[in-house]
Amino acid sequence: MNGAANEPPSLDAADYDPIQHLNLLFSHPSTVSSITRVSSTLQTHHNDLSTEISTLQTAQAYGPDSSLERMQSAQAELAGLFKKIETVRSRAIQTEQNITSMTADIKRLDGTKRNLTLSMTALKRLQMLTTAYEQLRGLAKTRQYRECASLLQAVIQLMRHFNSYRSIDQIATLSRGVGELQRELLEQVCEDFEMAFAKGEVGAKKATLVEACGVMDALGDNARARLITWYVNTELREYRQVFRGNDEAGSLDNIGRRYAWFKRMVKGYEEEHAAIFPPHWRVGETLAMAFCDGTKDDYKGILERSMRRVDGAEIDVNLLLGCLQETMDFEQTLERRFSNEPRASIDTLSSADERTQSFNGSISVAFEPYLSLWVDSQDKALATMIPKYKAQPLLPDDEEFSPQAVISSAIELFHFYKLTLSQCAKLSTSERLLDLAKILAKYLDEYAQQVLLAILQRPAPAGATLEDIVLVMNTADFWHANTEQLEESIKKRIDHDLVSKVDLSSQADAFLGVASAAVIALVNKVEADCDGAWREMKNTNWSKMESVGDQSSYVGELVTHVNAKAQEVLGIVAKQQYARAFADKLVEYLANAYVLNIVQCRPISEVGAEQMLLDKYVLTKALENLLSHHNPSSPSQPHVPPSSFVKRVNATMTRIDPLLKTLQVRPSPPEGLVQAYLIHVGDRSDTNFRKILDLKGIRKQDQGHLLELFTIHRDSSSGGGGSGKLVAQSPLLTPLMNAPGLGGVGVGAGVNNLNLSIDRLATGSGAALSTAAQGAASRFDAASLGEKLLNAARDGVERMGTPAAHEAAQAQQAQQGAQSAASINENLKNFGKFFRRDIGGLGARFGKRDGSVDEHQGGR
């Protein structure tokens, strides 16, 4: 149409694309002029198609085979089909009616047959019931109970079939007769039992009585319960008369007679009466439970009267405990006696409610309201045990010391605790058990303070030996583990709502604090042997040293003494965690003591400081092998120290380096010394910088210029140490040389200066060197440990300052003593928490029984 070379697509094509067609028609701008002609052509084609469609629709609608005709034909066929369906339905109804009329007579005959069968069955059962009833009456009169039992079951079963016919007079009369016969049989059997027991003819009439029990079984549960109740009351009548009516026989003093009487009665029952009753009646168990219920009620009354005595006399606790123990033994005997029988529920005399038979607590529950007296008696017993434990030898005379040994009193106390807890849990799992738990916790604290801590307090020269200290440490570890187990045991037994009130964690921490104090006491034993080496170090002229040579002579002596004493100590320490704790504390002590003696060796020249740094390195390498003395390996297998311990030793000893490296720098040029201080020490304190100058021996008149330079470099943004990173006070230098004359230096709060409060000590081993100058060159003395803890507890207590206050202070002495004792316990607990928290120093968690070492915790 536009003269294009390509053939245009067909408008009838299924994949016709109008865009493609238009592009073919108008492929060049010159073809735009033909738009009108193309449009008219398309319109013409559209009109032609519309006309063709209309023609086809008309032909389809009105042609000879049109759809309208086909629709009308289908409707006519449907109408014929519905007519046929209606015809079939009407025929089916007619057929059903014909069949019903044909079978009506048959159905009527079937109903007649069924009713006749039921009538015959009912008449047959009625005949059987009447016959059985008459026979049963005759057998009952002649007391033929074996036949009566089986026949009675048949009569009762047959009578159930006529429950719906009771409106008939004859059936109602028969039902009343059967019921009356059952009552007659019940009364007759009970009368036979009463007469046989009253006349002592049980043995002669045993066969009759056994058959009579079968009749009672047939009569049902109520009849059986009546007979059992009568028998139990008959057997216990004498018991009630003797022990309830007679004050002397019924008193707590004669509690054994009650149980002896019951045992005799049960023996007679088993020999004479047990064969009468069927085993499934469990008459013996019912008899025992009735005895327990009656005895429990008797005890309640006796105990109430004892507590309300007008003469004011208190009940004898020993008698109460003896009765309670005897009662619990009796209950256990009954429980074992009847434990092989099924635990079904049965009725008892004292209660119609069903309950599971269990004799534990069946009588002893009467004592529960008075268990506070028992708990008080345990308190008094423990109060007498603690002084005895404090005075007796640590080990029996026939027992030798061993590294695993525990103080014998701890084993005895543990068994007492175990037995007492078991007894109380059987009696009460409520408030009384919680009261007992508090008593046990109280005396755990007293044992830790008055027994274990007192051993470490022994004064010189008969102070605690190495073996005594190890025994204390082992015993504290023993109680630390068993206290946690004791808490879990109480929580398993006590009532659920009281579980949250049981907490012995503070007692466990107190024992851990004692173990820590024992470790410190072992370190003190090594400390005492090092005085000669330190004295030699202080006697060396460090200011006149000209060159650095091999290690100083005092180092060899120090290492020799340390290794010898450490070998002696570690040879008797069994557990790996305590060996590690001792080694860690010993390293801390030596590091602190080294700082102490550096200060006392002033003035120190640059060469002297360099020699000290070399000596420190030699000492560090020697300390890395401390643990080789614990469980030493064979010569063919050299000892390899744990990596965590090596890291700990190096980390502890390296803290001395900033001080010695700063002392190595010459004071001229002065900028070098200032920058060295800012780099190594890194604080902003003028006082600490002046301490370095004093240690180097620089005269006071020469220090002013150096202090000015220090101030300038410290405040300058370009200071040698980078002032933005400087701390206010160096933890190493700040405590040094604070006493008058620059001579006061302590050994460290983290090791042995227990004059400090335990809370300050609990800041951790990392602060050991930072507090190296808190005391006055004093050594920890285990003999004064308790006194020092007491002094720590009294920090902050108002002192007596005037004579007028002295009398008031005396009046408050007892109260303050009690508060101080409590404070000692609290300090021990805090000490234990610190020791637990310092787990990297121990190398293993306390409580691990394998003594394994956590490698990742050693490099703190």
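This is a predicted model: local features need pLDDT of at least 70, side-chain atom pairs count only at pLDDT 80 or more; totals for chains, interfaces and linings use all residues.
Close-up 1. Seven names make up the buried set: Gln-703, Leu-706, Leu-707, Leu-709, Phe-710, His-713 and Arg-714. H24 itself runs over residues 700–715, 16 residues in total. From first C-alpha to last, H24 reaches 23 Å. That is close to the 22 Å expected at 1.5 Å a residue. An α-helix has 3.6 residues a turn, so residues three or four places apart point the same way. Among the buried residues of H24 are Gln-703, Leu-706 and Phe-710.

**Close-up 2. Four nonpolar side chains form a surface patch.** Leu-78, Leu-81, Phe-82 and Ile-85 make this patch, with an area of about 410 Å². Phe-82 belongs to helix H3, which spans residues 67–141. Is Phe-82 buried or exposed? Phe-82 has a relative accessible area of 56%, so it counts as exposed, because the cut-off for exposed is over 50%.

Close-up 3. Thr-234 lies 36 residues from Ala-198 along the chain. The C-alpha atoms of Ala-198 and Thr-234 are separated by 9.9 Å.

**Close-up 4. Cys-148 and Cys-530 are buried cysteines.** Cys-148 has a relative accessible area of 0%, so it is buried. Cys-530 is buried too, with a relative accessible area of 0%. How many disulfides does a search of the whole structure find? The search finds zero. A disulfide is a covalent bond between the sulfur atoms of two cysteines.

**Context for the views. The protein chain has 29 helices and two strands.** The protein chain holds 860 residues, and 44% of them count as buried. Its exposed surface comes to about 44600 Å². Carbon and sulfur atoms supply 52% of that surface. Take the contacts in the protein chain with a separation of 6 or more: residues 24 or more positions apart account for 78% of them.

Technical notes:
Residues are numbered from 1 along each chain as its sequence is written. Side-chain values use heavy atoms; hydrogens and water are left out. Patches are made of residues with over 30% relative accessible area and no salt bridge: like charges are joined within 9 Å, nonpolar side chains (Val, Leu, Ile, Met, Phe, Trp, Tyr) within 5 Å. Accessible areas come from the Shrake-Rupley method with a 1.4 Å probe; for residues, only the protein chains shown count as cover. Helices (H or I, at least four residues) and strands (E, at least two) are DSSP runs, numbered from the N terminus. Buried means under 20% relative accessible area, exposed over 50%, partly exposed in between (1.4 Å probe, protein chains only). The expected span of a helix is 1.5 Å times one less than its number of residues. Contact means heavy atoms within 4.5 Å. A disulfide is a pair of cysteine sulfur atoms within 2.5 Å.
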